[in-house]
Amino acid sequence: MSWSFKIAKILGIDVRIHVTFFLLLAWLGMLYYKAGGMPAAVEAILFICLVFLCVLLHEFGHALAARRYGIRTPDITMLPIGGVARLERMPEKPSQELVVAVAGPLVNVAIAVVLLLVFGLSGHPFDLTAIESTGTSLTQKLIMVNLWLVAFNMLPAFPMDGGRVLRALLAMRLPYARATQIAANVGQIMAFGFGFWGLTQGPIMLVLIAVFVFFGAQSEAAHAEMKSAASGLRVHAGMITQFQTLPLNADLNTAIEALLRSSQHDFPVLGAEGEVRGLLTRDDLLVALRKTGSGTPVREVMRIDVPAVHETMLFERAMAIMQESNCPALPVLDGTGRLVGLFTPENVGELMMIRNALAASPREASRSATSRPPPLPV
């Protein structure tokens, strides 16, 4: 995620913080400093940091539950509105998604129980409504915040945890795409509610959450629809077959010429025998131009850990590999290991648009009604 930087690596997962998180701390610090001086500002910043520690543990709950099913989590990013655990892929079975979704809130339940035991040993009465009171202890505030996190996250506002639970339960009875669409619709309706409440009653943070929920639900629904439409398709149906390559001994001047004379953004780099040795992406090219200049050898800039896919591989598996590798294009090989194409998200999207247009065509609908399937690009 842009505008974020790594602060730690825990259990093989990068922990990142978005720069806007520090803007939140600075704003709250100034607010409380004006109200109660330096002690109030320090206490407020400490409380927010502890709250975000609870949120981070929440995200690790998701990540460790996903790891149980062989799903890696490259990183967790902390934002002013919460945390985001970036899973390589979503669980394939609804029951698995259900476990991963509830794992985060269960961590907050565990934190609240532990803190409640600690608070109970102190002999003070627990008052759930006293979070705004000046006499409320830090422990009691954290208990109430964790309980609030559980309640809020379990609202069925997809793609929040409760929405994912809803999608998992629906997917046990309905097709995955249909279950996602229903959960997304519920999420977007709730997003309107969050936005309205935030604009009229506050806090304004609800508006930001509403935007996240609305567009997140829209994106997930589109992804599920594409996944459903691509079911059964092979990589050769949507790969680019007319593309340019770069020799291993080329420099960035050669890459610039290739970039400017075509619409291609990413270039396979081939060895002397025609084997794929790496991939030069447009983003890596631009970064290298700023740092080392146009005479830099391609071999020093290219990505060498790019996985290749076979032309007969299923679309769904190839898209999962692309997401896991975080690479904008994948080389496509034939049975002999020869490079025959490029698999890119843009081309996949265009194929899906063509399929949708064919499915909506009256002529193709008529053919389908007579049990003759519409011709599809292969």
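Predicted model: local features only at pLDDT ≥ 70, side-chain atom pairs only at ≥ 80, totals over all residues.
The chain comprises 11 helices and 10 strands, and buried residues make up 42% of its 378 residues. Among contacts with a separation of 6 or more, 56% are between residues 24 or more positions apart. The accessible surface comes to about 20,500 Å², and carbon and sulfur atoms contribute 63% of that area.

The largest nonpolar core contains 26 residues, and those with the most contacts inside it are Phe47, Ile48, Phe52, Leu56, Phe60, Ile76 and Met78. At least two residues of this core come from each of strand E2 (13–18), helix H1 (19–67), strand E3 (75–79), helix H2 (94–121) and helix H3 (138–153), with H1 giving the most, at 13 residues. When residues up to four places away in sequence are not counted, Phe52 touches Phe21, Leu24, Met78, Leu79, Pro80 and Gly82. A second, separate core has 21 residues, including Met319, Met322, Val332 and Met352.

Turning to the charged pairs, Asp14 forms a salt bridge with Lys6, in which the closest N and O atoms are 3.3 Å apart. Asp14 counts as buried because its relative accessibility is 17%, under the 20% cut-off, whereas Lys6, at 44%, counts as partly exposed.

A salt bridge also joins the side chains of Asp75 and Arg86, with an N to O distance of 2.7 Å. Because Asp75 lies in strand E3 and Arg86 in strand E4 (residues 82–86), this pair ties together parts that are 11 residues apart in sequence. Asp75 is buried, with a relative accessible area of 10%, while Arg86 is partly exposed at 33% relative accessibility.

The side chains of Glu220 and Arg167 likewise meet in a salt bridge, at 4.0 Å from N to O. This pair links distant parts of the chain, since Glu220 belongs to helix H6 (residues 205–229) and Arg167 to helix H4 (residues 161–171), the two residues being 53 residues apart. Both Glu220 and Arg167 are buried, and they take part in a network of salt bridges that links Glu97, Arg164, Arg167 and Glu220.

Notes
Residues numbered from 1 in each chain as written. Heavy atoms only, no water. Helix = DSSP H or I, 4+ residues; strand = E, 2+ residues; numbered from the N terminus. Buried < 20%, exposed > 50% of the residue type's maximum accessible area, 1.4 Å probe, protein only. Contact = heavy atoms within 4.5 Å. Areas by Shrake-Rupley, 256 points an atom, 1.4 Å probe, with all protein chains shown as cover. Core = buried A, V, L, I, M, F, W, Y, C linked by side-chain atoms within 4.5 Å.
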